[in-house]
Amino acid sequence: MKQLFLVLLIVVLYALHQDVWFWRTASPLLFGFLPVGITYHVCFTLAVSALMGLLVKVAWPKHLENVGEKKSETTPPPASASTPLLSESEDAAS
Amino acid sequence: MIPAIVVFIYLASVLYIGIFAFRRSTHRNEAEDYFLAGRSLGVFVFLLSLFGTNMTAFALLGSSGHAFANGIVTYGLMASSSALIVPLSLFLIGTRMWALGKEYGFMTPVQMFRDRWECSHIGTVITVVQAALLVPYIIIGVMGGGTTMNAISGGRIPYWVGGAIVALVVMSYVFFGGMRGTAWVNAFQTILFLLFGAIALSVIGAGMGGFGKAVNELMASPATSALLTRERVSPLYFFSYTFIPLSSICFPHIIIFCLTAERLQHFKKTVVLYPICMLAIWLPAVFLGVTANRAVEVPAIQAKIEARRTLATQSATLSPDQKTQLRAKSAGDDVLVRLLEHYAPLWLAGLLGAGIMAAVMASDSQILALSTMFTEDIFAFYEGKAKFGEAAQVYTGRIFIILLTIIAYVVALRWPQSIFDLAVQFAFSGYSALLPLLVGALFWKRSTKWGALAVTLWAAAAVTAVAIFQSVVPAPAPGTETGFGSLFGQALISRTPAGTAVLGFLPVVPMVIISFLLMITVSLLTSKPNEQTLRRYFR
């Protein structure tokens, strides 16, 4: 459920990037000089940063974190390594 | 001459950083230390350097030039879409690539592809296509260095000398410092970028009598009011453009850079702060580009505006040569430099010139990436490392850097920039079309080497086809297009003034979709790697 919610959030944000509603207007001007079309995308950029913060907080691939430590202990060559690093079932929200 | 002196101080500084990095290195003859900084970069160097690596001269100069001609749409088109897609791809792909590199010692994506798909020469094909798409950037970097040195010195330093100086400095710190030197220089350059945006905005804003005045004048004039909206670009084009940032993670210098972080944790701050860095650099660059249209007291900018007006009103009566000349005259890539020349004090113009120089010199990581790919994917793979040892591999990488820089410099002197500008445009689409390689390898167990080969050949063929199409069919007059074939009442392929459209979309859209379809169908029709290999990658 959490995975689905995060994937939906990404899709919604991507859809919000296509803001046809402010296409042909410059007003209102933020602070008296910033047209609404660019103000919207400045806010969009800040929202992306917040989304990335959320992904880092709730969907961080923790299982990859100890990889370096394992290598320094054993240094296995590729052919003999046996620990899987990826999971097909994992996605953006894993 | 003061700006040129400040720029020389800047060049000396980056050279020192590169050589200092060389002296700090304790394992100079080890490939991992030279090409990946020993996978030891700290969190802020990783963030600043990754961002700097992704920002080319276009972020500062090209974006303000694009905004000068097209208006505020430039920000949504290029910056906010990248602000979403680049950190997302770092989060999804960069972290997994980092882990595989750390675990299995991969130094290039092709090493991972070879292991993951149990292939050899197919990996070589991928390397060759990646390299072919990357070389134009290096040539553009040399050209940008020559042009900028020439402009900043007021024409006293000729183009060929400026290009040679910049090429020599970049080559030297990459040669000595390897990834560590390149990363430190990039981090330093990113700090300059960030300062540049804030200072340029305040100095030019004050010089123009406040942005409120400039924007209200732009709004009041029918000729410029559209620059404050997005009506100069269609929503379909705007949508298509979101496929371009998919290329970022596929660029060899970006995915290789993901392997340099000491800890996975370093990606956390990077993905969260990346959009903020985009905002800090692109917003001033785009906004200044738009408001430059009111800087009519700057003679060079006034000449550009007049050339653009002539092009728009008298296009039907102009000869092709006249049109070409007027297009060149109206190009806005130097508007930021012109604004600074006019509004900034001399010493500050020099400092800001160094900021521009930092943007122009972004080819360092691309040179190093090509060297890494050559030594790892070709030299080491075809037994060079086994025969001559690791130290010889690092020397080979260093010699490759010298040769590549010399070739890029000679080509930059002999060929017109327009060819490489076009090649760079195509390269973005080409790398986007290579995305299924990383997605397939990291997320889809059933993907195969034959699927990977199909994707690679398709990307190369599609880029070549679009390049040939654009060279054979001349660009139509602004506001018109030349269509070929028809589907759903829409021209199948059109030659537009700015490039090519397929069913109204940028070519990158069908290129990426077909690329994914090829990966899926060809992989399903061929045998997957053996279970032992797959078990090392997937649960």
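**Exercise 1. Describe the contact between chain A and chain B, and state which element of chain A gives the most to it.**

Solution. The model is predicted; local features require pLDDT of at least 70 and side-chain atom pairs count only at pLDDT 80 or more, while totals for chains, interfaces and linings use all residues. Residues are numbered from 1 along each chain as its sequence is written, and chains are lettered from A and ligands numbered from 1 in the order in which they are written.

Step 1. Chain A contributes 41 residues and chain B 49 residues, two residues being in contact if their C-beta atoms, placed from the backbone, lie within 7 Å.

Step 2. On the side of chain A, two or more residues come from each of helix 1 (2-17), helix 2 and helix 3 (67-74). Helices are DSSP runs (H or I, at least four residues), as are strands (E, at least two), numbered from the N terminus. Helix 2 of chain A gives the most, with 12 residues.

Step 3. By class, this side of chain A holds 25 nonpolar, 12 polar and four charged residues. Ala, Val, Leu, Ile, Met, Phe, Trp, Tyr, Cys and Pro count as nonpolar, Asp, Glu, Lys and Arg as charged, and the others, Gly among them, as polar.

**Exercise 2. Determine whether Met52(A) is buried or exposed, and list its contacts.**

Solution. Step 1. Met52(A) belongs to helix 2 (residues 36-58) of chain A.

Step 2. Met52(A) is buried because 24 other C-beta atoms lie within 10 Å; the cut-offs are 20 or more for buried, 12 or fewer for exposed, and partly exposed in between, with C-beta atoms placed from the backbone.

Step 3. Neighbours within four places in sequence being left aside, Met52(A) is in contact with Pro87(B), Phe91(B), Val271(B), Val272(B) and Pro275(B).

**Exercise 3. Characterise the packing of helix 7 against helix 19 in chain B.**

Solution. Step 1. The axes of helix 7 (residues 121-152) and helix 19 (residues 390-414) of chain B come within 9 Å and cross at roughly 60 degrees. Axes are lines fitted to C-alpha atoms, for helices over the stretch in contact, and angles run from 0 to 180 degrees between N-to-C directions.

Step 2. Helix 7 of chain B contributes Ile138(B), Ile139(B), Val142(B), Met143(B) and Gly146(B); helix 19 of chain B contributes Leu404(B), Ala408(B), Tyr409(B), Val411(B) and Ala412(B).

Step 3. This contact comprises nine nonpolar, one polar and no charged residues.

**Exercise 4. Summarise the fold of chain B as a whole.**

Solution. Step 1. Chain B has 24 helices and three strands.

Step 2. Of its 539 residues, 58% count as buried.
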